[in-house]
Amino acid sequence: MSTLTATLQREWQLAWRNLSDAINPLVFFLMVIALVPLGVSAESSRLAALAPGMLWVAALLASLLSADMLFRRDYDDGMLEQYLLLPMHLYGMVWIKVLIHWLFTGLPLALLSPLLGGMLSLPVAAMPITMLALALGTLCLSLLGAIGASLTVSLRRGGLLVAVIVLPLYIPVLIFGASATAQTAAGTTAWGQLAILAAFDLMALVLTPLVVITGLRIAVEG
Amino acid sequence: MLKTWFHRWGSPPWFYRMSGKLLPWFGVATLLLLLIGSVWGLAIAPEDARQGNSYRIIYIHVPSAFLALAGYYLMAIAGCIGLVWRMKLAFWALRAAAPLGAAMTFIALITGAFWGKPTWGTWWEWDARITSMLILFFLYLGVMALANAYQNTDNGNRAASVLALVGTVNIPIIYMSVKWWNTLHQGATLKLTSASTIDPSMLQPLWVMIVGFYCLYAVLLLLNLRCEILSNERNSRWLTDLFSTSTSGDKQ
């Protein structure tokens with residue numbers, strides 16, 4: 001069995017056995033969305049105007065919360081050092097970890113979004129595109145979150161710091177994602193925004209592992 | 001030749017000595033340029049036909065905005081040099097440049113708000129340029145927070161350098177997306193008079209101020225960097241030698 005398949009199997013099993021890590025961000029997502037009508041207004045016309053932005057901001061925060069856990073357990077139990085010692089390029093390890101993280105946090109978020117969109121009176125016609133945009137966008141968010149996670153993994157109180165580091169990097173995804181949702185809600189198509197989100201994904205897939213590997217090396221060597 | 005030059009400037013004792021010699025020159029240049037530029041810009045340059053005297057804040061706003069961005073790239077390049085060649089001095093330059101750049105960004109934002117009130121009728125507008133300046137400010141804060149979060153300063157330096165480099169890749173992306181977002185929402189509303197469309201009588205003092213701000217930045221950066229050198233090398237031999245000779249000279 002190759003190292004990559006072994007890594008994949010290990011991460012997959014770990015993700016299933018720590019399901020609460022995947023469920024907590026979803027609950028958080030749900031709660032933030034439930035706070036909006038309470039704080040702003042329950043009027044459906046006002047909620048519908050806020051819906052695209054609120055959905056995306058809440059998704060950003062939920063993804064941020066889960067990013068901190070990406071490498072922490074592996075760092076604490078010494079697995080990260082073992083990964084760095086393995087005779088394979090770490091690109092594969094980072095991809096596997098991030099993709100599984102996305103499968104367990106970003107994808108469920110996207111699947112849950114029609115329900116939350118409904119709570120915010122988002123037009124039903126906008127739901128499929130919103131789901132697709134969230135699925136694409138959260139992958140990029142997971143990759144960017146991995147940068148923050150790798151740079152703070154050796155710090156005991158990394159949580160808030162990850163937010164300060166990563167949120168500015170999330171902004172382009174927020175802009176294009178929210179605009180995809182808003183445009184489909186207004187009745188026009190948003191393939192351009194989806195294409196740009198996909199382009200962000202591809203770029204992040206290629207570039208972020210480089211940064212993450214450097215970050216992990218700093219954490220382990222220090 | 002270049003290599004010895006590089007090594008020499010990378011050595012803290014050499015840098016400390018040479019920067020001490022350079023500082024007065026930069027200091028005098030800064031004083032002169034800022035004095036000439038501000039008197040020229042605030043008193044002699046003609047009043048703007050539409051904005052009256054309020055436009056004169058351009059003489060602080062534009063130079064600080066220049067340095068906010070240039071400072072970020074200086075910081076990132078210093079971080080890159082530090083990461084590649086493991087040069088301590090470059091990391092200290094990154095630490096010295098981060099708060100300075102954040103301050104410049106803050107000045108640009110605040111003077112922009114003061115300028116916006118009389119001319120646009122609002123303190124804050126979610127214009128593409130203003131928003132990307134604000135995000136630049138956040139990026140600076142992130143680098144500073146990360147550099148200071150580590151107990152082991154070397155790790156903090158390296159992590160902050162990596163983040164600064166990530167920022168350089170992201171700044172153009174952020175700028176373009178913010179611009180796109182803004183134009184989608186409200187079209188081209190706020191057109192700042194760009195430097196090329198300004199009258200020469202107003203432009204000349206602006207150039208003086210820009211060069212003056214660059215000199216000011218150099219002075220502040222050198223001062224910050226010398227502080228970093230002093231605090232990081234406080235236990236080293238050359239520093240004790242330097243100070244023991246100067247203080248024993250005073251006693252005698």
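**Figure 1. Where H3 and H9 of chain A meet.** From H3(A), A:Pro52, A:Gly53, A:Leu55, A:Trp56, A:Leu60, A:Leu64 and A:Ala67 meet A:Val162, A:Ala163, A:Val166, A:Leu167, A:Tyr170, A:Leu174, A:Gly177, A:Ala178, A:Thr181, A:Ala182 and A:Ala185 of H9(A) (contact: C-beta atoms, placed from the backbone, within 7 Å). Sorted by class, the residues here come out as 15 nonpolar, 3 polar and no charged (nonpolar: Ala, Val, Leu, Ile, Met, Phe, Trp, Tyr, Cys and Pro; charged: Asp, Glu, Lys and Arg; polar: the others, Gly among them). H3(A), residues 44–67, packs on H9(A) at about 145 degrees with the axes 8 Å apart (axes are lines fitted to C-alpha atoms over the stretch in contact; angles run from 0 to 180 degrees between N-to-C directions). The crossing of H3(A) past H9(A) is right-handed (near helix turned clockwise from the far one by less than a right angle).

This is a predicted model, where local features need pLDDT of at least 70, side-chain atom pairs count only at pLDDT 80 or more, and totals for chains, interfaces and linings use all residues. Residues are numbered from 1 along each chain as its sequence is written, with chains lettered from A and ligands numbered from 1 in the order in which they are written.

**Figure 2. H1 and H6 of chain A, side by side.** H1(A) covers residues 3–17 and H6(A) covers residues 90–104; the two pack at about 30 degrees, with 10 Å between their axes. That angle makes H1(A) roughly parallel to H6(A) (under 35 degrees; over 145 is roughly antiparallel, 65 to 115 roughly perpendicular, the rest oblique). H1(A) goes past H6(A) in a right-handed crossing. On the H1(A) side, look for A:Leu4, A:Thr7, A:Leu8, A:Glu11, A:Trp12 and A:Ala15; they meet A:Gly92, A:Met93, A:Ile96, A:Lys97, A:Ile100 and A:Phe104 in H6(A). Taken together, the residues of this contact split into 8 nonpolar, 2 polar and 2 charged.

**Figure 3. H6 of chain A again, now with H8.** The axes of H6(A) and H8(A) come within 9 Å and cross at roughly 130 degrees. These two helices are therefore oblique to each other, and their crossing is right-handed. H6(A) puts in A:Val94, A:Val98, A:His101 and A:Trp102, while H8(A) brings A:Thr138, A:Leu139, A:Ser142, A:Leu143 and A:Ala146. The class count is 6 nonpolar, 3 polar and no charged residues.

Figure 4. The average pLDDT of chain A is 90, and 100% of its residues score at least 70 (pLDDT: the predictor's confidence in each residue, from 0 to 100).

**Figure 5. The face that chain A turns to chain B.** Chain A gives 20 residues to the contact and chain B gives 24. On the chain A side, the elements that put in two or more residues are H8 (127–152), H9 (159–185) and H10 (191–221) (helices: DSSP runs of H or I, at least four residues; strands: E, at least two; numbered from the N terminus). H9(A) has the largest share, with 10 residues. By class, this side has 15 nonpolar, 5 polar and no charged residues.

Figure 6. Chain B has 8 helices and 0 strands, and its C-alpha trace spans about 65 × 40 × 35 Å along the principal axes. Of its 252 residues, 37% are buried (20 or more other C-beta atoms within 10 Å; exposed is 12 or fewer, partly exposed in between). For chain B contacts between residues at least 6 apart in sequence, 78% join residues at least 24 apart. B:Leu141 sits in H5(B), residues 128–149. With 17 other C-beta atoms within 10 Å, B:Leu141 is partly exposed. Setting aside neighbours within four places in sequence, B:Leu141 is in contact with A:Val164 and B:Ala102. B:Met18 is 123 residues away from B:Leu141 in sequence and 30 Å away in space, C-alpha to C-alpha.

**Figure 7. Tyr73 in H3 of chain B.** B:Tyr73 belongs to H3(B), residues 58–85. With 15 other C-beta atoms within 10 Å, B:Tyr73 is partly exposed. Between B:Tyr73 and B:Val211 there are 138 residues in sequence and 18 Å in space, C-alpha to C-alpha.

Key
Contact = placed C-beta atoms within 7 Å.
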